[in-house]
Amino acid sequence: MSKITVVIGFTGQHDFPGLLDAFLPLPLVAQLIVISPDSPEALPAKCGWLAGGAPTAGEVLNRLLTIVETPYLLFVQPLHAITLGPHCLERFVEVAATTGAGMVYCDFVEEISPGASRPHPVNDYQLGSIREEFDFGPVTLFHLAAVRDSLGKRGGLVASSRAGFYDLRLKVSLDYPLFHIRELLYTVTAAAATAGHFAYVDPRNHSFQKELEEVATEHLKRLGACLEPVFCDLPPSRETFPVEASVVIPVRNRIHTIAEAVQSALDQEADFPCNVLVVDNHSTDGTTAVLAEMAKQHIALRHIIPERRDLTIGGCWNEAVGSLDCGRYAVQLDSDDLYASPHTLRKIVDLLRSGQYAMVIGAYTLVNSRMAAIPPGLIDHREWTAENGRNNALRINGLGAPRAFNTAVLRSFRFPNVGYGEDYAIALRLSRHYRIGRIYENLYWCRRWEGNTDAALTIAQKNQYDAFKDQLRTLEIMARQELNRQ
C-alpha cells in the first residue's frame, strides 16, 4: 500500500512526543515532518524538521510540497492527543485510491472527559462549503498527485501568514472530490479548537480575515461566481403602504421576553407613521394572552396569528411582509431582543430612504439576560465593504442585525420557511442584485440565553445548521455563475 508523509505543527506542549508516537511506529508512515520556527530538540528517527511559523502558511506549504516524496500527505492539527483506530491510515489511503479524491477526511470520536466519549460526525463537502471554519476534523489526507495537478493549473498557494491550507483545499476542490468517510477512524481527547462564532468580526483577526477574504474571492473568480460592484437600481413601485415602517417580530413561546421586545418597538420615536407586526406562531406558554392584552392598549400593535401551523421563523416573516398592514420598510426585531435606543428605527429608515438599498443592516451588542455586555461585545461587521461585501458574504456565516428591508422588493422574494439561517438566505439573495447599506453603530441589544436558536447546540444540530448554510451558498454560487454567463 502507498506510503504517507505526516505533517504536524510543533506546539511545545508537554504531550507533543505522545502525538509523534501515535504515528511514527505505523508501517504506512514513511516520514513525519514537524513544522516549527526553530528545530525541536532530539527528534526521533523517521522525523524531520521544516522551518516555518504557522503550518497553514502558504509559503510553508509551498516549500513542503516540493520535498514530500510519498504519494500521500497527512495533515494533523497539533491540538489534541490523537489515538488512531485500527487500520485508520489504511482506510484513508484505500478510500482515496478508490474515489480518486484529492482530499479525504472522516468522522471521529471525541473524548470529553476520562472515560466519557461521544461520536463527532462531520458534514459532506459541497460546492458552497467555502467557509474557512468547515469542520474536517483534525486529520486530513491529501493525494499529492491531485494537489500538484490542481496547483499546476491554478498557481501556487498564496503567500499568506495562515491562509495557505484554506487556499489549498479550495484549489483542490475545483478538480477533485473532497471525500467524507462516514466512519469513526480515530479519537481525540477534546473538541477541536475553533476560531469562534464571531472570529470574522473580531478586530484582532483583521489581517487574517483579509487574507481569507482574498483567497475566497479568487476562488469565486475561478468558479465564475464573483460579482463586480455593479448593482441594479430598485425597481419602481406603485404599491401604497399604510405606514412608512413596520417592526416585524416573529414569536413562539417567549412569555418572559416578548412584552419587553414589543415595548422596545412601540417606544421608537420617529417623524413618520409606523406600526409593530407581531406574528404569534401559535404560542402555548401564555405569550398569546400577553400580546392580546398589549394589542388592546396600543393601536399601533398588530397581533397576527397565522392560519397555518407549519410555519417557522422564515414563514412568519413572509406572513408579516405579505400583510396589508406592512409598511414601506420592514424592520427586524427578535422576540427576545431590544432596540438600543428610541432612535433606532429612525436611523435605519433614514438610510433606506437615502439610497438605492434593498436592505440595511445595523450593528448589535451581545448581552446576557441581565443586559450586561458579554464578549465579544459589539458586532459591527466592519469586514463588509461596498466593493466586495456580497462576495465575502459567501465565506462568512452571517451579516448582522438588525436587518431592514424595502418591502416592495422583499415581496418579490421569499424567506425560506426555516427557523435558522432565513436571514442569511434572504441577504444573499438580495445582495445578488441590490446594494446593502450598513450602519456600524450599536442599534440593538442581542440577548444570549439558553433559549436562543443557536444556544447549546449538539454536534448533530450544529452540523444540520452548517449544512443548511452550505447549501444556501451552493445555490447562490450556482445562481451567480448563471448570472455571469448571461
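1. The model is predicted. Its largest nonpolar core has 110 residues, and Phe23 and Tyr186 are the ones with the most contacts inside it. Another core, of 33 residues, lies apart from the largest one and includes Leu301, Val349, Leu352 and Leu366.

2. Helix 5 (residues 164–173) packs with helix 6 (residues 206–223), with the axes 10 Å apart and at an angle of about 10 degrees. Helix 5 is therefore roughly parallel to helix 6. On the helix 5 side the contact consists of Tyr166, Asp167, Leu170, Lys171 and Ser173, and on the helix 6 side of Leu212, Val215, Ala216, His219 and Arg222. Sorted by class, this contact of helix 5 with helix 6 has five nonpolar, two polar and three charged residues.

3. A second pair is helix 13 (residues 422–431) and helix 14 (residues 459–485), whose axes come within 10 Å and cross at roughly 10 degrees. Helix 13 and helix 14 are therefore roughly parallel to each other. Helix 13 contributes Tyr424, Ala425, Leu428, Arg429 and Ser431 to the contact, while helix 14 contributes Lys469, Leu472, Arg473, Glu476 and Arg480. By class, the contact of helix 13 with helix 14 has four nonpolar, one polar and five charged residues.

4. How many disulfides does a search of the whole structure find? The search finds zero. For Cys232, the closest cysteine sulfur is in Cys226, 16 Å away, which is too far for a bond. For Cys446, the closest cysteine sulfur is in Cys316, at 19 Å, again too far for a bond. Cys232 is partly exposed, with a relative accessible area of 36%, whereas Cys446 counts as buried at 12% relative accessibility.

5. One runs from Pro375 to Pro376, with omega near 0 degrees; Pro376 is in strand 16 (residues 373–379). Another joins Ala401 and Pro402, with omega about -5 degrees; Pro402 is in the loop between helix 11 (389–392) and strand 17 (403–406).

6. Two histidines have positive phi. His87, with phi of about 60 degrees although it is not a glycine, is in the loop between strand 5 (82–84) and helix 3 (88–99). His381, with phi near 55 degrees, lies in the loop between strand 16 and helix 11. Are these residues buried or exposed? His87 counts as exposed at 61% relative accessibility, while His381 is buried, with a relative accessible area of 2%.

7. Met1 lies in the segment before strand 1 (4–9) and counts as exposed at 62% relative accessibility. Leaving out residues up to four places away in sequence, Met1 touches Leu28, Glu90 and Val93. Met1 and Asp107 are 106 residues apart in sequence, and their C-alpha atoms are 23 Å apart in space.

8. Gln268 is in the loop between helix 7 (258–266) and strand 11 (274–280). At 9% relative accessibility, Gln268 counts as buried. Neighbours within four places in sequence aside, Gln268 is in contact with Tyr339, Ser341, Pro342, His343, Thr344 and Leu345.

Key
Residues are numbered from 1 along each chain as its sequence is written. This is a predicted model: local features need pLDDT of at least 70, side-chain atom pairs count only at pLDDT 80 or more; totals for chains, interfaces and linings use all residues. Side-chain values use heavy atoms; hydrogens and water are left out. Axes are lines fitted to C-alpha atoms, for helices over the stretch in contact, and angles run from 0 to 180 degrees between N-to-C directions. Helices (H or I, at least four residues) and strands (E, at least two) are DSSP runs, numbered from the N terminus. Angles under 35 degrees count as roughly parallel, over 145 as roughly antiparallel, 65 to 115 as roughly perpendicular and the rest as oblique. Contact means heavy atoms within 4.5 Å. Ala, Val, Leu, Ile, Met, Phe, Trp, Tyr, Cys and Pro count as nonpolar, Asp, Glu, Lys and Arg as charged, and the others, Gly among them, as polar. A disulfide is a pair of cysteine sulfur atoms within 2.5 Å. Buried means under 20% relative accessible area, exposed over 50%, partly exposed in between (1.4 Å probe, protein chains only). A nonpolar core is a set of buried Ala, Val, Leu, Ile, Met, Phe, Trp, Tyr and Cys residues joined through side-chain atoms within 4.5 Å.
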